[in-house]
Amino acid sequence: MRGALGGSGVLLRRLREVMAAPVSPQERLDRLVVVIAGNLVAEVCSVYVLREDSSLELYATEGLNREAVHLTTMRAGEGLVGLIASDAEPLALSDAQAHPAFSYRPETGEEIYRSFLGVPILRGGAVMGVLVVQNRASRLYSEDEVESLQTTAMIMAEMIAAGGLKALSKPGATIGLDRPIHSIGTTLADGVGLGHAVLHEPRVAITNLIAEDPGREVQRLEAAIATMRLAIDELIERGDVAHTGEHRDVLETFRMFAHDQGWLRRMREVVMTGLTAEAAVERVQSDTRAKMLRQTDPYLRERLHDLDDLANRLLRTLVGKSNGVTREDLPENAILIARSMGPAALLDYDRRHLRGVVLEEGGPTSHIAIVARALGIPAVGEIANATALIQAGDAVIVDGQAGEVQIRPQPDVENAYKDKARLRARKQEQYRKLKTQAAVTKDGVEIQLQINAGLLVDMANLDETNASGVGLFRTELQFMVAQHMPTTAEQQALYGAVLKVANGRPITFRTLDIGGDKVLPYMERLEEENPALGWRAIRIGLDRPRLLRGQVRALLRAGAGCDMKIMLPMIATVNEFLRARLLVRREVAMLERDGRHGPTSLKLGVMVEVPSLLFELPEIAREADFLSIGTNDLMQFLFAADRENKRVSERFDPLSAAGLRALRSIVDEAGKADCPVTVCGEMGGKPIETLALIALGYRSFSMSAASVGPVKAMLRALDAGKARQRLDAWLGSSDGAASLRPLLSALATEMKVPV
Ligand code: PEP
Ligand code: MG
């Protein structure tokens, strides 16, 4: 039977004595290897520690030549020790020298030992070193011996993590714990932030590793498992969780893991080796993590998070609350590190101290990305194993622009980023100075600059940028960050608050633009072949009129006494607009019939973002009160190139003859019908693109708050008339060039326009 190991209990008791002895770190290591070798009846026991340069240095040995300590190193992947470090798996061999990875090191004198057992020293799934025992005779190590060595390795991991071994390294080398790491992920929110790591949900610190009474530890573990199962059952049965669809599936998977016999048996077995219940949970989770992190199957990797969650729940039950910072007392210059984080959790932190966010998960369209962008906090996602690699307090640089993270950076890297941040700050300062200056071109053309918003938190940007209003309020963001479908009253409350903050400045509310990549967690997910071309935005609104009508009602009520502007996303035909207008008019009539106050005036506009509308321009410009161009979608559909797919999204340039002619036809037709037109897609917020748009005749833009400064600086230096002449000429004699960008750049340089 595996499990209750008398030998292991003795080993752990002896290890505890060594750990408690008042000796130097080297002496402690030297004693540990003697104890381990003796207990496992091995002639050799050696500890290798992972260094900053990814090599493994021999730190202590019983049995090999002592002179080799701090001299012998193995490169990552080299020899059996290197192999264990790179696979993060134990390796037991009865004839080590026959193994193809065996590498002979004469200075160690290990040629006489035939059998070999090595285990990785793991912490949080990250390899910190390798622990090895060897015997002269050819023998097979038992499962119990592998288990004992793994348990011992866990104690070593804590010793390394505590930092006691740092001073022992060979001169000039540092151990892996502190090595700088440059990790590439994906951009969630732009900007550069420097600071020190704060773990969103810190690891529960385990101080008590070795059990006094294994029987009691089994009982503690069983009790914690029972508590955890109960909590999960309650979570599933609770009324506020959607009872169908994907959400339910996720929770059921969670429940399945909580009852997984293999996982639970492993933990019980480890407790029986003499570890405390919490140490056993940590051990098993660390092993599982190390194995699963090497999986490429996204499904399996996703399941790792479920297991992590469960392990953390168990640890919290066993040890009590984690000892992290509270959200209010965040230190200065905090970089938040999390596996994943709900958008609401980010809003809980004191934004004044937050310099950046690093996540293991989270793509550019995730909700957390939306909130980080709204708050102006640089954020990077998809940094594998970030929570294990980064310790609280570590220096971290978040480069949101490049989608990269520097962990414990070298001084030169840190200085380079400090320069980058300073440059950015200087530019921001220049833009701030422009705040009170008019948005007028050099030749006297007035340009309207508004901002895009979607949450109450980004309304502060109105004052910060001095923009004239909000040209695009993405109402779906409230729906995306909520746990449940916002009620009409909740919607009305948000719109009312937004109008209040705007204090008379115009707000253009866009009705729900969901579907496609904008998925509501509590709504049943539709499997569609091409979601971007599928059931989304106004299509859902017209097919599920209750949803749209409820929103329009909330808007009309919130806008009582105000000039209201509402626009409709993804309108593909004039007929769709007429149907939606009818619905809005019915709501207005109902409001009047009920004797309620409504808006002083109501303008109903159309987003131009589906190319079919380009062939009904005179009609739509006649019917709609205003047009707003969603260049993000318009260009994706015009060029049939997915805006989220990097392979193709940059393949076609909106500043090409095709893109610019499409945009010219809209501004021309709108002009003929005297219909106001704004550009609210990203294109309007990029100086060189905005230059081209002004040259085409556009006079109104709505953009992210961060773009207002650069665009204003550009346009104040621009001669719009001259730019128009040039662009007209280029478009009149298009020569098949992929893009007019180089010509526009040259023009900007010639006119000394900063772009
Ligand atoms: C657009 O498509 O350009 C737009 C502004 O809408 P969204 O980015 O929200 O789809
Ligand atoms: Mg759009």
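**Asp-633 and its partners**

Analyst: Arg-643 and Asp-633 join their side chains in a salt bridge, with N and O 3.0 Å apart. Asp-633 sits in helix α21, while Arg-643 lies in the loop between α21 (631–638) and α22 (646–649), so the bridge ties together parts 10 residues apart in sequence. This is a predicted model.

Burial comes next. Asp-633 has a relative accessible area of 3%, so Asp-633 is buried. Arg-643 stands at 35% relative accessibility, so Arg-643 counts as partly exposed. The cut-off for buried is under 20%, and exposed begins over 50%.

The pair does not stand alone. Asp-633 and Arg-643 belong to a network of salt bridges that also links Glu-476, Arg-510, Asp-513 and Arg-536. Side chains of opposite charge can pair when their charged atoms come close.

Asp-633 also takes part in a metal site. The magnesium ion (ligand 2) is coordinated by Glu-609 through OE and by Asp-633 through OD, at 2.0 to 2.1 Å. These two residues link distant parts of the chain: Glu-609 is in the loop between β19 (601–608) and α20 (617–623), Asp-633 is in helix α21, and they are 24 residues apart. Both Glu-609 and Asp-633 are buried. To sum up this residue: Asp-633 bridges to Arg-643 and coordinates the magnesium ion.

Now the other salt bridges. The structure holds 41 of them. One is between the side chains of Arg-266 and Asp-287, at 3.9 Å from N to O. This pair too links distant parts of the chain, 21 residues apart: Arg-266 belongs to helix α7 (residues 261–272) and Asp-287 to helix α8 (residues 277–293). The salt-bridge cut-off is 4 Å, and 3.9 Å falls within it. Asp-287 is buried, at a relative accessible area of 12%. Arg-266 is partly exposed, at 22%.

Another bridge stays inside one helix. Lys-672 pairs with Glu-669, their closest N and O atoms being 3.1 Å apart. Lys-672 and Glu-669 are three residues apart in helix α23 (residues 657–672), which puts about one helical turn between them. Lys-672 is exposed, with a relative accessible area of 65%.

Helix α23 leads on to another helix. The buried residues of α26 pack against α23, and also against α24 (687–696) and α27 (741–750). Helix α26 (residues 720–732) has 13 residues and reaches 18 Å from its first C-alpha to its last, close to the 18 Å expected at 1.5 Å a residue. Its buried residues are Ala-720, Ala-723, Leu-727, Trp-730 and Leu-731. Viewed down the axis of α26, they fall within an arc of 90°, so they line one face of the helix. Gln-725 and Gly-732 are exposed on the other side of α26.

Last, the cysteines. Cys-675 is buried at 6% relative accessible area. Cys-45 is buried too, at 0%.

Definitions and conventions: Residues numbered from 1 in each chain as written. Chains lettered and ligands numbered in written order. Predicted model: local features only at pLDDT ≥ 70, side-chain atom pairs only at ≥ 80, totals over all residues. Heavy atoms only, no water. Helix = DSSP H or I, 4+ residues; strand = E, 2+ residues; numbered from the N terminus. Buried < 20%, exposed > 50% of the residue type's maximum accessible area, 1.4 Å probe, protein only. Donors = N, O, S within 2.8 Å, 3.2 Å for Na, K, Ca; no water. Expected span 1.5 Å × (residues − 1). Arc of directions from axis to C-beta. Contact = heavy atoms within 4.5 Å.
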